[in-house]
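The following explanation leads a new reader through a structure step by step. Please keep the sequence and the model in view while reading.

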Amino acid sequence: MHSFGYRANALLTFAVTILAFICAIASFSDNFSNQTPSAQIQILNINWFQKQPHGNDEVSLTLNITADLQSLFTWNTKQVFAFVAAEYETSKNALNQVSLWDAIIPEKEHAKFWIQISNKYRFIDQGHNLRGKDFNLTLHWHVMPKTGKMFADKIVMSGYRLPDAYR
Amino acid sequence: MDWQGQKLVEQLMQILLVISGVVAVVVGYTTESFRTMMLIYAGGVVLTTLITIPNWPFYNRHPLKWLDPSEAEKHPKPQVVVAPKKKFSKK
């Protein structure tokens, strides 16, 4: 502590140590938040449903997505990434996941939303298994904190079924 | 900066930084604002820098009192050397 440089060095190292502590506390405090997200998805319309020339099934849907992800936001949340995936089982793959729509939610105020859209990304099967297929629509989300570990969770909504014939 | 000033400056630095860190977390958590927490802590660090880095006069209230050379000459060296010699002879 006898010189300017020595004091500056001591101050900097101790200040950064405490900064790391503060960030750890902020990250830890996320464990006490009460998370009650909710979501509902309705399929309003099957716009078209066909077999591509080279044999893969493709379907276009109009979705009505209602979700309330506000409770995921804490003081340590930077943004939430949410996406809707169609999940189904085929003889080839135990789990097929096709992303239909996604969004980055930067603020808590935008985390309670209602949106009516046709699928943002193409819903194409690997093969031609989609006729009469039961599938789930799953809302996945990844919470990206300002400091600490990113975590993910999902809501699975089941009971959807594609038509038995191409249209 | 004298010896006591150095001790004081180290304690001040640690106490001020810890206090600003605690205040920042408490205020940030209660107002649910990460930004507020960082601004308070940054303010605390700047304040601590201003208080502890410059060599302020109040760190120099206890200067070492060096003996004047003429004073040292009044006390001959042998007296100082005698004590260790006695110890040595006892062993």
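This is a predicted model: local features need pLDDT of at least 70, side-chain atom pairs count only at pLDDT 80 or more; totals for chains, interfaces and linings use all residues.

Residues are numbered from 1 along each chain as its sequence is written, and chains are lettered from A and ligands numbered from 1 in the order in which they are written.

Chain A contains 1 helix and 8 strands; helices (H or I, at least four residues) and strands (E, at least two) are DSSP runs, numbered from the N terminus. Read from the N terminus, the order of elements in chain A is α-β-β-β-β-β-β-β-β. The C-alpha trace of chain A spans about 85 × 30 × 25 Å along its principal axes. The radius of gyration of chain A is 23 Å, whereas a compact globule of 167 residues would have one near 15 Å. This radius is taken over C-alpha atoms, and the globule rule is 2.2 Å times the number of residues to the power 0.38.

For chain B, an unreviewed UniProt entry annotates residues 12-31 and 38-59 as "transmembrane region". Such positions are given in the numbering used here, feature names are shortened, and annotations may be inferred rather than shown by experiment. Residues 12-31 of chain B are 100% helix and 0% strand, with 28 Å between the end C-alpha atoms. For residues 38-59 of chain B, the figures are 68% helix, 0% strand and 30 Å.

How do the helices pack? Two packed helices are described by the angle between their axes and the distance between the axes. Axes here are lines fitted to C-alpha atoms, for helices over the stretch in contact, and angles run from 0 to 180 degrees between N-to-C directions.

Within chain B, the axes of H1(B) and helix H2 (residues 34-52) come within 8 Å and cross at roughly 165°. H1(B) is therefore roughly antiparallel to H2(B), a term for angles over 145 degrees, while those under 35 count as roughly parallel, 65 to 115 as roughly perpendicular and the rest as oblique. The residues of this contact comprise 16 nonpolar, 8 polar and no charged. Here Ala, Val, Leu, Ile, Met, Phe, Trp, Tyr, Cys and Pro count as nonpolar, Asp, Glu, Lys and Arg as charged, and the others, Gly among them, as polar.

Between the chains, the contact takes 19 residues from chain A and 23 residues from chain B, where contact requires C-beta atoms, placed from the backbone, within 7 Å. The side of chain A that touches chain B has 14 nonpolar, 3 polar and 2 charged residues.

Helix H1 (residues 4-29) of chain A and helix H1 (residues 3-31) of chain B have axes that come within 10 Å and cross at roughly 25°. H1(A) is therefore roughly parallel to H1(B). The residues of their contact divide into 15 nonpolar, 3 polar and 1 charged.

H1(A) also packs against H2(B) at an angle of about 160°, with the axes 11 Å apart, so H1(A) is roughly antiparallel to H2(B). The residues that make this contact include A:Leu11 and A:Ile22 of H1(A) and B:Tyr41 and B:Val45 of H2(B).

Definitions and conventions:
Two residues are in contact if their C-beta atoms, placed from the backbone, lie within 7 Å.
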